[in-house]
Amino acid sequence: KKALKHFEGESLQVPPMYSALKHQGVPLHKLARQGETINRKARKITIHANHFLQYDSELKQLSFDVGCSKGTYVRTLVEDMGQRLGCGAHVKALRRTVSGAFKSSQMLMLDDLLAQRGNLAALDAFLLPTEHLVAHLPAVELPTKTLRDLRCGRACGALDLPEEGAWVRLYDEEECFVGVGQCHWEGRPLSSIVWLSDF
């Protein structure tokens, strides 16, 4: 448990050779399979939490739950913990339980999807609305005329917008998601939105 706590917070981690990172345009895992080792630059990562789940003393297996920043290699984290403990360690099983706003309760097994092959209605039921991809952005409702102008490529003013440069979710007056935009002040007390795409 102390070793798990030791790795919490910000630190530098050297990515493994068996990764998709590239060296001179070639993925590291391809070089590793050819027996090459390239010096990799350490990258800043954050381990938000390392929760102890259980330890099987017979199998010498530790299960834990890690909340980490993008770019963290859990295999490397486990190897580093094994070094700290003086016994070595490797990953036997790894399961992503959360990715951004998506949680494990929303995840599907490939077999579940394949079982519905050809059943378009059942497959549609698995789909989430497009706006889920940008659920973390503030929502802005715009009048029909403003949306028409945006669709024609004109920047338009709107009230109650976040700070300069912020991205927003755009909705019409019926609260239907219509796209995303970015706020620009351009020296006026009213921000304008640059239209990016129409979903």
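The following dialogue examines how several labels applied to this predicted model follow from computed values.

Tutor: The model is predicted, so local features need pLDDT of at least 70 and side-chain atom pairs count only at pLDDT 80 or more, whereas totals for chains, interfaces and linings use all residues. Residues are numbered from 1 along each chain as its sequence is written, and side-chain values use heavy atoms, with hydrogens and water left out.

Student: What makes the contact of Glu 8 and Lys 5 a salt bridge?

Tutor: A salt bridge requires a side-chain nitrogen of Lys or Arg within 4 Å of a carboxyl oxygen of Asp or Glu. The N to O distance for Lys 5 and Glu 8 is 3.4 Å, so the pair meets the rule. By this rule, the count comes to two salt bridges.

Student: Which residues form a salt bridge at 4.0 Å, and where do they lie?

Tutor: Lys 44 and Glu 10 pair at 4.0 Å, N to O. Lys 44 belongs to strand β4 (residues 43–56) and Glu 10 to strand β1 (residues 9–13), so the pair links distant parts of the chain, 34 residues apart. Helices (H or I, at least four residues) and strands (E, at least two) are DSSP runs, numbered from the N terminus.

Student: Why is Lys 44 called exposed, while Glu 8 is called partly exposed?

Tutor: Buried means under 20% relative accessible area, exposed over 50%, and partly exposed in between, with a 1.4 Å probe and protein chains only. Lys 44 has 59% relative accessibility and therefore counts as exposed. Glu 8, at 26%, therefore counts as partly exposed. Glu 10 has a relative accessible area of 56%, so Glu 10 is exposed.

Student: How do you know that Ile 47 is buried?

Tutor: The relative accessible area of Ile 47 is 2%, so the residue is classed as buried. Ile 47 lies in strand β4.

Student: What makes a set of residues a nonpolar core, and which residues form the largest one?

Tutor: A nonpolar core is a set of buried Ala, Val, Leu, Ile, Met, Phe, Trp, Tyr and Cys residues joined through side-chain atoms within 4.5 Å. The largest has ten residues, among them Val 140, Leu 142, Leu 161 and Cys 183. Elements α6 (144–151), β10 (167–171) and β11 (177–184) each give two or more residues to this core. A second, separate core of nine residues includes Leu 4, Phe 7, Ile 47 and Leu 77.

Student: Which residues form the negative surface patch?

Tutor: Glu 141, Glu 173, Glu 174 and Glu 175 form it. Glu 141 is placed in strand β8 (residues 139–141); its 48% relative accessibility makes Glu 141 partly exposed. Glu 175, at 61%, is exposed and is found in the loop between β10 and β11.

Technical notes:
Patch = residues over 30% accessible without salt bridge, like charges linked within 9 Å, V, L, I, M, F, W, Y side chains within 5 Å. Areas by Shrake-Rupley, 256 points an atom, 1.4 Å probe, with all protein chains shown as cover. Lys, Arg positive; Asp, Glu negative; His and termini not counted. Charge placed at Lys NZ, Arg CZ, Asp CG, Glu CD.
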